[in-house]
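This report describes one protein chain, moving between its overall build and a handful of individual residues.

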Amino acid sequence: MRRPRSVRALLATLSTVAASAGLVIGAGGAAHAATPLPAHIFAPYFEAYSSDSPADLAQKSGAKYLTMAFVQAEAKGSCTPYWNGSTDQPISSSVFGADITTIRSRGGDVIPSFGGYAADNGGTEIADSCTSVDSIAAAYEKVITTYDLSRLDMDIEDNSLTNKAGVDRRNQAIKKVQDWAAANGRSVQFSYTLPTTTSGLADSGLAVLKSAVKYGAKVDVVNIMTFDYYDGATHNMANDTQTAATGLHDQLASLYPGTSSAQLWGMVGVTEMPGIDDYGPAETFTTADATAVYNWAVSKGINTLSFWALQRDNGGCPGTGGSDTCSGIAQDTWYFSHTFEPFTGGGGPVQDDFSVGVTPGSASVAPGGSTTATVSTAVTSGNAKSLALTATGAPAGVTATLSPGSVTAGGSAQLTVAASASAAPGTYPITVTGTAGTLTHSATFTLTVSGPGGQTGALVNGGFESGSLTPWTCDSGAAVVSSPVHGGSHALKTAPTAGQTGECAQTLTLAPNTKYTLSGWVQGSYAYLGVRGGATGSTWTNSSGWTQLTVPFTTGASGTVTVYLHGWYGQGAVYGDDLSVA
């Protein structure tokens, strides 16, 4: 993928806490039987060089499995793997270990990816950098055992495609790892992610696979990047995905004679780039393309469906191409994730399924006002089902109604949200859910009830005196309690577990470019109070009694921020009370 090699290290304090909490994923060279991946998997790329939490984005997007990009050497000639080639991010349980544990607790997993465009261009792809096959194999085994993995991905582009010595070393190392895994009772898959033409792999990509055959390295998945064609043509990206993958299928048939067509399709992966890719508007992967590719992928039974990258799955920059943080097209946040996520499974017949979206995804009204949005549904596989629609999460003084209350998948309804004159200023997520038998899919509409001057006022329900969590959004298990309290008669009790921090959060729209202070009273082990979104800041404490924390911050141009309180994995409940923003 065409992405910069520069990184921002994870917050040192969080890494230290994770380590002290005993978050060890794998045990050095010890062999464990990692859980195999499903036969068909949706695993979008996660930009590990960002400051985002993979577990957080996996939960928000609904993507259970992530391809983590990238593992690289820190300099030419090195044989030591690091996340993003940064010595600040070693292959260690203290780096991403807590996130991987959380992702697995939700039934998912990760696939670390070696290489990437920057490493392939800069000579820090480890098989190009390191000239010892044994050392390359040891690097792969270190990543596998540290995080207890069942698949590694090799993202090979640019100069790495034509570095024959590196290509051969890589495949010889893969063979060594596969022999080591077999001797130790492990099942480890290897995938190759390669650039493609609209008719299949170019000769350079095909040479990588021929080398694998020569050295006996088993390639489980060949994942083609169906974007950045740079051929000067105008593309129908969904059609081009199908012709490129069909060409790959035929190339694999030549490399692996005697393999059935179904087995060959089971070796195919495709990675899209939602919205406008690096080349420009002529290569735009639309929301309609996503549905077409999903249905095609299901019908063919391919192995892997992916896209670059999870952080791009939003419509925050219309008209912008090749951004790391948005798609450049009008879309609901997580549209592509929600469309592709049902692909994950063990195979079998195509199941009836659907998606739900809300357009626009947010609106602001004054007390006494109302707004409307369109609820869209689509058939994502199989046949259209009858869907019952509900809207939940509206706070006191706000009503959310749907007309009609049921549709056939593919139809639409109108969401009407009205705020009474007594509705408290604040920002509230309203969840629209479609239900068909045991199947449910949801989308979120964010309502802001404005205060004087069109801006929200103070934090809503910061003392929890309503007896309810509304409008806070919390991890499961959180509750309003009557003891202990700091002020009034109620307080918040969070519910950290081995797989979650117990976070409660609330989004506010404040005055833009303005200084504020978030404050609150907390008690418990590793109590974190902070703000993210349009501003960033946090602080934490360990306290057996009530302690006040304050976080100064300055809003950005939008004025929108999310404030949060949470504990830490496996460290017991954290209590909060009398939270405010002033």
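A polar contact, as the term is used here, is a pair of N or O atoms within 3.5 Å, of which, within protein, one must be able to donate a hydrogen and the other to accept it. In this predicted model, the side chain of D168 makes such a polar contact with the side chain of K164, at 2.8 Å. D168 belongs to helix α8, which covers residues 164–183, and its relative accessibility of 11% places D168 among the buried residues, because buried means under 20% relative accessible area. Apart from neighbours within four places in sequence, D168 is in contact with S211 and Y215.

A second polar contact, of 3.2 Å, joins the side chains of T304 and R151. T304 lies in strand β12, residues 304–307, and counts as buried at 7% relative accessibility. When residues up to four places away in sequence are left out, T304 touches I41, R151, V221, V268, G269, V270 and F343.

S53 sits in the loop between β2 (45–47) and α2 (54–61) and is partly exposed, with a relative accessibility of 28%. Beyond its neighbours within four places in sequence, S53 is in contact with F46 and D99; D99 is 46 residues away from S53 in sequence, yet their C-alpha atoms are 7.0 Å apart. G410, placed in the loop between β18 (406–408) and β19 (412–419), is exposed, with a relative accessible area of 57%. With neighbours within four places in sequence set aside, the contacts of G410 are with T377, A378 and V379, while the C-alpha atoms of G410 and C326, which are 84 residues apart along the chain, are separated by 26 Å.

The backbone also deserves attention, since most residues other than glycine have a negative phi, and most peptide bonds are trans. The table gathers the residues that depart from this pattern.

| Site | Backbone feature | Value |
|---|---|---|
| T470 to P471 | cis peptide bond | omega near 5° |
| S483 to P484 | cis peptide bond | omega near -5° |
| F96 | positive phi | about 70° |
| D148 | positive phi | about 55° |

P471 is found in the loop between β21 (439–449) and β22 (473–474), and P484 in the loop between β23 (479–481) and β24 (491–493). F96 lies in the loop between β4 (81–83) and α3 (97–105) and is buried, with a relative accessible area of 1%. D148, in the loop between α6 (133–147) and β6 (151–155), likewise counts as buried, at 16% relative accessibility.

Turning to the chain as a whole, its secondary structure comes to 13 helices and 29 strands. Its radius of gyration is 25 Å, close to the 25 Å that the globule rule gives for 582 residues, so the chain is as compact as a globular protein of that length. Taken along the principal axes, the C-alpha atoms fill a box of roughly 75 × 50 × 40 Å.

Buried residues make up 54% of the 582 residues, and among contacts between residues at least 6 apart in sequence, 73% join residues at least 24 apart. The accessible surface comes to about 21,100 Å², with 51% of it belonging to carbon and sulfur atoms. The chain carries 26 positive and 41 negative charges, and the mean positions of these two sets are 6 Å apart.

Conventions: Residues are numbered from 1 along each chain as its sequence is written. This is a predicted model: local features need pLDDT of at least 70, side-chain atom pairs count only at pLDDT 80 or more; totals for chains, interfaces and linings use all residues. Side-chain values use heavy atoms; hydrogens and water are left out. Helices (H or I, at least four residues) and strands (E, at least two) are DSSP runs, numbered from the N terminus. Buried means under 20% relative accessible area, exposed over 50%, partly exposed in between (1.4 Å probe, protein chains only). Contact means heavy atoms within 4.5 Å. The radius of gyration is taken over C-alpha atoms; the globule rule is 2.2 Å times the number of residues to the power 0.38. Accessible areas come from the Shrake-Rupley method with a 1.4 Å probe; for residues, only the protein chains shown count as cover. Lys and Arg count as positive and Asp and Glu as negative; His and the chain ends are not counted. The place of a charge is taken as NZ of Lys, CZ of Arg, CG of Asp or CD of Glu.
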